[in-house]
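Please look at the sequence and the structure below before reading on. The report that follows describes how two parts of one chain meet.

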Amino acid sequence: MMQATPTPTELQTAIAALRSGQAIGLPTETVYGLAADAENPAAVARIFSLKQRPADHPLIVHIAGAGQLGRYAREIPESAYLLADAFWPGPLTLILKRGAAVLDAITGGQDSIGLRAPAHPVARAVIETFGHGLAAPSANRFGRISPTRAAHVQEEFGDAVPVVLDGGDCQIGIESTIVDLTASPPRVLRPGRIHPEDIASIIGPVAVGAGDSSPRASGNLESHYAPVTPLHLVSREELAGNRDQPALTIGALPDNVNGIALAVEPKAYARELYAALRELDRIGARRINAELPPDNEEWRAVNDRLRRAASPAGSAPH
Ligand code: TXA
Ligand code: MG
């Protein structure tokens, strides 16, 4: 179960690994991150090589709170502080203009930076003890499903990442909401637990989805977060009529259909989704049939992840 804080020994081991330029598996409330010193070029390079991530994909820097914004961003708008006040620590990433000292490798050469203060007590303890920002993409190889358990991180990287802090199952289970505050109006680039309406209630109108001039976000690639087994989004009727393939359903499985039944409530569904996709992948079926959720705001973030998981791998990244 979720550990409230790392033991002193675990914390010491993690900090020593980070100080020596290693990457560690770090639990956050959204998904597990592959964390390294955001100010050490060799450590940041290590993240890219472990993930096999293209160099032009920027990393989120995880900080303790709004007090560290100025270390990594410049010309910070009032809206950043208002959102940090409302939602940090928590599952919201702010895109701001990058600070002068930020490494190019972090930003993918762009003029912006992604910053987030995670809420998970283990992440908070590590960041506070370490003293400055940790670059941490989700701890999966590029294009694969994000990990929501310590064991998933071990599955992805094995001995290449010897230190993985176990913070239990991630309570949110899908990646943070990303809002671009360099755009006018601000833009939600990646949907998550914090909805556009939540953000708008603090800072006024926001746009949703990438605009023409939006910074690149790897979450914007068509095929992303994908299981190895082809995933098809189908109606409940279709899935009930196809007993040969494992199903991922919203609520109970239909009679004589195998697979995994997830929660009917979208937040609980999101929490269980990635572990279920990993589990279904292990079966080695020809395809997975996933029940199409309702098309509404409550399900937006889940629908986004399912749509990406369902795209055939390799389909036209832009
Ligand atoms: O919940 C999360 O955000 C997790 C946990 C570990 O914090 N992290 C995460 O990182 O999902 P990653 O690297 O897998 O996805 C981060 C997204 C990517 O799509 C990246 O392109 C985008 O954030 N991003 C980072 N910096 C950016 C920037 N300067 N401009 C635009 N997008 C940026
Ligand atoms: Mg990721």
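## Two domains in one chain

What distance separates the centres of domain 1 and domain 2? Taken over C-alpha atoms, the two centres lie 28 Å apart in this model, which is predicted. Domain 1 covers residues 8-208 of the chain, and domain 2 covers residues 231-309.

## The area between the domains

Where the two domains meet, 25 residues of domain 1 are in contact with 15 residues of domain 2. The size of an interface is often expressed as the accessible area that is lost when the parts come together. Here domain 1 and domain 2 bury about 1700 Å² between them, and 52% of that area is on carbon and sulfur atoms. Of the area that domain 1 buries against domain 2, I145, I174 and P191 supply 32%, which is more than any other three residues.

## Charged and polar pairs

Five salt bridges are counted between domain 1 and domain 2. In the salt bridge that R144 forms with D281, the closest N and O atoms are 3.9 Å apart. The count of residue pairs in polar contact between the two domains is nine.

## The side of domain 1 that touches domain 2

Two helices, α7 (150-157) and α8 (196-203), each supply at least two residues of the side of domain 1 that touches domain 2. The helix α7 gives the most to this side, with three residues.

Notes: Residues numbered from 1 in each chain as written. Chains lettered and ligands numbered in written order. Predicted model: local features only at pLDDT ≥ 70, side-chain atom pairs only at ≥ 80, totals over all residues. Heavy atoms only, no water. Domains from an automatic or database assignment. Contact = heavy atoms within 4.5 Å. Buried area = accessible area lost by both parts, 1.4 Å probe. Salt bridge = Lys/Arg side-chain N within 4 Å of Asp/Glu carboxyl O. Polar contact = N/O pair within 3.5 Å; in protein donor to acceptor, adjacent residues only side chain to side chain. Helix = DSSP H or I, 4+ residues; strand = E, 2+ residues; numbered from the N terminus.
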